Amino acid sequence: MNTRVIIAGGSVAGIRIAKALRQFGFTGRVQVFEAEHELPYDKPPLSKLAVDSDPHVPLITRSEAQDLGVELHLGRAVAAVRPGDDEIDLDDGAVVGYDHLVIATGARARPSPWTIDGVYVLRGIDDARTLRERLTTSRRLLIIGAGFIGSEVAALARANDVEVTIVDSAPIPMARVVGDELGRRFVDLHHAHGVTTKFGVAVQDMTRADGSIRTLLSDGSEICTDTVLVGIGASLNTEWLAAAGLADAEGVRCDEYGRALGHANISAIGDVSAWLRPSTGTHSRIEHWTNGIEQAAAVAARLAGKDDTPPHDPVAYVWSDQYDWRIHLFGTRPAGVDPEVTEEADPFRLVAVWKDGSGEVTGGMAVNWPRESVRLRKSIAARNASRASSTEAVTA
Ligand SMILES: Cc1cc2nc3c(=O)[nH]c(=O)nc-3n(C[C@H](O)[C@H](O)[C@H](O)COP(=O)(O)OP(=O)(O)OC[C@H]3O[C@@H](n4cnc5c(N)ncnc54)[C@H](O)[C@@H]3O)c2cc1C
């Protein structure tokens, strides 16, 4: 019986499961151990809210936690787990026992290879506050990495009249996610907002001289800025799980209900978890906000004794705000398949749909078009559901 649930990590996945446990009627003890001292906050606003606003959007308040009977232990990192003893070790030497452990320790920014004053990464609230402060005084920003976070910060900086250059080693950076045709639209979007792009080139060297940061690129050019943001991906916070053998390079592998493989009383949710997906038969990790929310609800229902909870098989989803584009991306893009694109000019909106060989929708992207977003999501969910049931039929 789960009378004492311990949640390691108090960000969106960890706080959402703490709340959901109570919503589903769980009456046992709920303790959250979070490494940071800050009251838990949401991450998407860190790269979106205007430069002069406070990016700290709380996920829970102290009084809410008290009302829900959720014990928040901030500034207390989990150092190790000993599954044989059902205990975790905290970094202050304390040992805490659990009936069920939920792993929600997410990821951190991949560190900058250049440790120079004025060079930053963006993952947590301290990073966001420092970067905002810089963007109010900085005139020239270099962003290394044109993924979601790099592109959102470019938009944020342009809104504050900062000159922006983005460098990425890929010739069409967003093509990794949306393919060449749509990827070129993202390049055009940056240009339309006055951003200089240097794509298909690598950073060779970075030095600080005369109050500026000089960045040498592989095409021989040099960029001189006062601030640099390095947005080159994330690394999982799994070191504390190593001794217990609970994680590999793919994160914490779980079954389709979120139970860590081989451990009935340990679950993993959010960025750190790789759940088995019934529709594909493979383990996959989805580093996006909605996934953490959905997995938290699924595991909370199970821990609260809702035994009829179906296996969780999400439609991968991420949104992003870049300049005047609100982007919604769903599902998967089959390799080598061109999307069917429909767009309207005034106001601009676009929907792109990817289909598999049998004409079923596997994924898509909608820009500024909420109705098409809903339609896309429903089509992909229906396809996943039919594939999951045919997998069951074959394996039964
Ligand atoms: C700037 C930014 C913008 C984003 N924008 C979007 C967006 O627009 N749309 C979208 O879908 N997704 C977005 N994301 C991704 C989304 O925020 C993540 O998918 C989500 O935060 C993952 O939540 P999580 O709780 O799994 O992990 P995390 O948010 O990584 O939180 C993990 C928590 O665990 C704590 N922790 C780590 N190790 C330990 C330990 N040993 N002991 C105790 N605590 C520990 C950390 O301090 C942290 O608070 C964005 C992310 C960032 C950084």
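**Notebook: an aromatic cluster**

I started with the cluster: Trp289, Tyr317, Trp319 and Phe330 are linked by ring pairs. For pairing I took rings of Phe, Tyr and Trp (its six-membered ring) with centres within 6.5 Å; planes under 30 degrees apart count as stacked, over 60 as edge-to-face, the rest as tilted.

This is a predicted model, so I kept local features to pLDDT of at least 70 and side-chain atom pairs to pLDDT 80 or more, while totals for chains, interfaces and linings use all residues. Residues are numbered from 1 along each chain as its sequence is written, and side-chain values use heavy atoms, with hydrogens and water left out.

I searched the whole structure and got five aromatic pairs. One of them, Trp289 with Trp319, is edge-to-face, at 5.6 Å centre to centre and 80° between the planes. I looked up where they sit: Trp289 is in helix α6 (residues 289-303) and Trp319 in strand β22 (residues 317-322), 30 residues apart. Helices (H or I, at least four residues) and strands (E, at least two) are DSSP runs, numbered from the N terminus.

Next I checked Tyr317 and Phe330: their ring centres are 4.9 Å apart with planes at 20°, so I logged the pair as stacked. Tyr317 is in strand β22 and Phe330 in strand β23 (residues 325-331), 13 residues apart.

Which of these are buried? Phe330 is, at 3% relative accessible area, and so is Tyr317 at 12%; Trp289 is partly exposed at 27%. My cut-offs were under 20% for buried, over 50% for exposed, partly exposed in between (1.4 Å probe, protein chains only).

Last, I found the charged end of Arg377 over the Tyr317 ring, 4.9 Å from its centre. That call needs NZ of Lys or CZ of Arg within 6 Å of the ring centre and within 35 degrees of the ring normal.
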